[in-house]
Amino acid sequence: PQQIRTGPKVINSSTPPTSSRIPVVGEPAMADDVRELLLSTTADADPSTPLSAPDLRLLIDHLRHRSDHLHASALSFAASNREPLASALLRAASSAASSASLQSSLQSALSPLSSSPDLSDLRSLSDRLVAARRELRERQEHLAAASSVASLSARLRAARASANPLDAAAAAAELKPLLVNPEGSGSGGDEPVVFGLLRGEWEQLVDELQVGLSKNVEECVEFAPDGGKVAVRAGPSGSSSGTPGVELRVALQALEIIDSLDYGMAKVADLMIKHVFVPAISNISVTVSVEVLEKSGSTYPASVLNIVPSEELQGYKDGSVLYSRIIDVIKFARKFICVENITWTQSFAKLTWSRISDLVITHFLSEAVPDEASKLIGFQDVIRSTTEFENTLRGMMFISPDRKDGKLTQFVDDVEVHFAVRKRNEILVKARYILVQYDYKNPLASDDHGDSVVDLLFQPEKCFISKSALQLMKLVHGALKDACLSSARVAKEFCYAARDALLLYKAIVPVQLEKQLNSISPVAAIIHNDFYHLSQEILGLAFEYRADFPSGQQKLVVFVDLAPIFSQMADGILRRQIQLAAANLSEAIDGADGFQNTHQSQHCESAKFSIEQVVFILEKIHIMWESVLPRSIYRRSMFHVLGPVFSRITKDMLLIDDMAAEETLQLQGLIHLALENLSSLFLSLVENDDDEKFLDHHTWVQLDESIPSLKKFRKLAGNFLLVSNLFNMSHYYVRSNNTEKR
């Protein structure tokens, strides 16, 4: 019983899981029965007491009965599960056979080990085996590469020797993915040299095909030297290279196969533009005629297109006649040059359409743009015919259907912009002509001098400006008035034209009159006035026109940024004139040599001449500036000039260390000379409502307040008079004493 109880556990420890083993029917019940049998047998006795013979026989009978029952159950189970048991036994037999085979192979592999106890021989044998396998693999790869090279070389030779260009082109196209890297034509770093050589031969083959087929196409299309005529043959009449040519269709087909169609048709397209499209578009009175010539003898049939003069046509009007003429030429090219092939037609269009569009725009559309805004409505006929023209070309597959090539319709749709651009260019041309052609040599001597005196916009003053500035502002006002009556797009261009016209003055006039601006001249004062007047007019443009601008441009158009630029230019010119005047006056005062020793005749003459030079320069400036500059600017500028002059003369006279009585009289006379000769200048600087002006006390008070150095200069004359009187009194006192002593 103990063996029966422990048997399944021993088997379970060395066999697959319980789910895969065959269960023993009645095993748990048998174990329980034996245990109960033993307990029932030894129930009344001590468990350690041995069993009696009847008990043992009874136990044996029970065990035999149970064994027979188990045997019958096992046979029943095997009978009911015959197929699974048979399959399991077959797999076991196969596994046993495989194990025997592996054992035999392992023994044969390990047999050298039993005969050679040295492991180094085994390692050497293994290394030789690995090297042999590597060498075999490399030789196989080399053999495959050599086979590939031989195959490619043979195919290249066959393609080059082929008399049929279609076969040669097809072979070249087949070899392209094998020899050319799709990402680039260059060879890789680890590529064999022979493949580079093969690629070079392939490129040479393609070049030969391109050149030969292109010449063949050119020989099929003949152009008249003087233009206006083209003849297309189905095949070349003769080959310039001496080799027989092929038909035009075959040549184009071969070029398409090697992806060189654009290359082959490039020259034909250029010649079509030069000899056919240019005369057909640029000349108004011409017509297009097509003539088909039948085959005669060995020559191919030909089709001839002629551009011939016509006296009936006198203008393009809406462009329908021109567009019909262009369509006739394109139909001729599509039918006889491209042989009704869509791909070839699109290649021809890609090479010609851009230039055809430019020719139409240059010779027709740009000239058809109206000169006046009121005529824009009449341009609708041109827009309609242009749209129909491009739609016709789309139907012919000559241009793309997605309107990407709609260059002409885009131009006519933007006719307002082109109109505005034309007007803008006209305005700038007029502005440049006004500025360049105006004579600045003697602007004050013109007959209509009064027209050049204008009122300042933000000051209650007048100033004299040049005719060029006057006409320029008239042009600017005209452009802005047109902008107020136009659409937003057109108004934008007019406003830009006004800005550019103003900037032209800044760019041209200072450069053109550089010499006059670097010297004291009335022209410089007038240019200052021009800039000053323009700066104020620019500030007023926004107030005058902004409310009338189209709604989209009221906040976009700005002029106020130009006003500071022109104001700074005016200030710079005036500052330069003041500096030049100060330099000339300083040079004149230097000629007096500090007003030393004026009691000597020579030094007195030098000092007098110096004062006269100062007076002359000041009077010259007075005459030039008073009649030109605005009143406030004139007074301020003269104050800047006079102040340093009187200060310098006063300083030089006060620095004299010792002077004689006669010298004081001379200096006093020089001061009075200057003041008397500058009386008209002084009167022009004071505010006096009386018609008769004279230098009275009130006038001198005004001048002294405006020019502090003038007060010191005048006071110095009185001091010299006092010193002279003291000298006289001293001399009289000395003479009186001498008389008494005698």
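Colleague: In what order do the four strands of the open sheet stand, and how are they paired?

Modeller: In this predicted model, four strands form an open sheet. Their pairing is antiparallel, and their order is E1-E2-E4-E3.

Colleague: Which strands stand at the edges of the sheet?

Modeller: An edge strand has a single partner strand, so one side of it is left without a neighbour in the sheet. This holds for residues 221–223 and for residues 286–293. The strands at the edges are therefore E1 and E3.

Colleague: What is the average twist from one strand to the next?

Modeller: The twist is taken between each strand of the sheet and the next. Its average is 15°.

Colleague: Which residue of E4 is the bridge partner of Ser289?

Modeller: E3 runs antiparallel to E4, which covers residues 302–309, and eight bridges join the two strands. In E4, the bridge partner of Ser289 is Asn306.

Colleague: Which helix packs on the sheet?

Modeller: The helix in question spans residues 320–337 and touches E1, E2 (229–233), E3 and E4. Its direction makes about 20° with that of E3. The helix is H11.

Colleague: How many charged residues does the contact of H16 with H19 have?

Modeller: On H16 the contact includes Met473, Val476 and Leu480, and on H19 it includes Asp530, Leu534 and Glu537. By class, eight of the contact residues are nonpolar and two are polar. The number of charged residues is four.

Colleague: Is H21 roughly parallel or roughly antiparallel to H22?

Modeller: The axes of H21 (residues 601–626) and H22 (residues 631–654) come within 11 Å, and their crossing angle is roughly 175°. Angles over 145 degrees count as roughly antiparallel. The direction of H21 relative to H22 is therefore roughly antiparallel.

Colleague: How many nonpolar residues are in the contact of H21 with H22?

Modeller: Among the residues in contact are Ile611, Val614 and Leu618 of H21, together with Tyr634, Met638 and Val641 of H22. Two residues of this contact are polar and one is charged. The nonpolar residues number eleven.

Colleague: What percentage of the residues of the protein chain count as buried?

Modeller: The protein chain holds 26 helices and six strands. Of its 742 residues, the share that counts as buried is 37%.

Note on methods: Residues are numbered from 1 along each chain as its sequence is written. This is a predicted model: local features need pLDDT of at least 70, side-chain atom pairs count only at pLDDT 80 or more; totals for chains, interfaces and linings use all residues. Side-chain values use heavy atoms; hydrogens and water are left out. Contact means heavy atoms within 4.5 Å. Ala, Val, Leu, Ile, Met, Phe, Trp, Tyr, Cys and Pro count as nonpolar, Asp, Glu, Lys and Arg as charged, and the others, Gly among them, as polar. Two strands pair if DSSP finds at least two bridges between them. Axes are lines fitted to C-alpha atoms, for helices over the stretch in contact, and angles run from 0 to 180 degrees between N-to-C directions. Buried means under 20% relative accessible area, exposed over 50%, partly exposed in between (1.4 Å probe, protein chains only). Angles under 35 degrees count as roughly parallel, over 145 as roughly antiparallel, 65 to 115 as roughly perpendicular and the rest as oblique.
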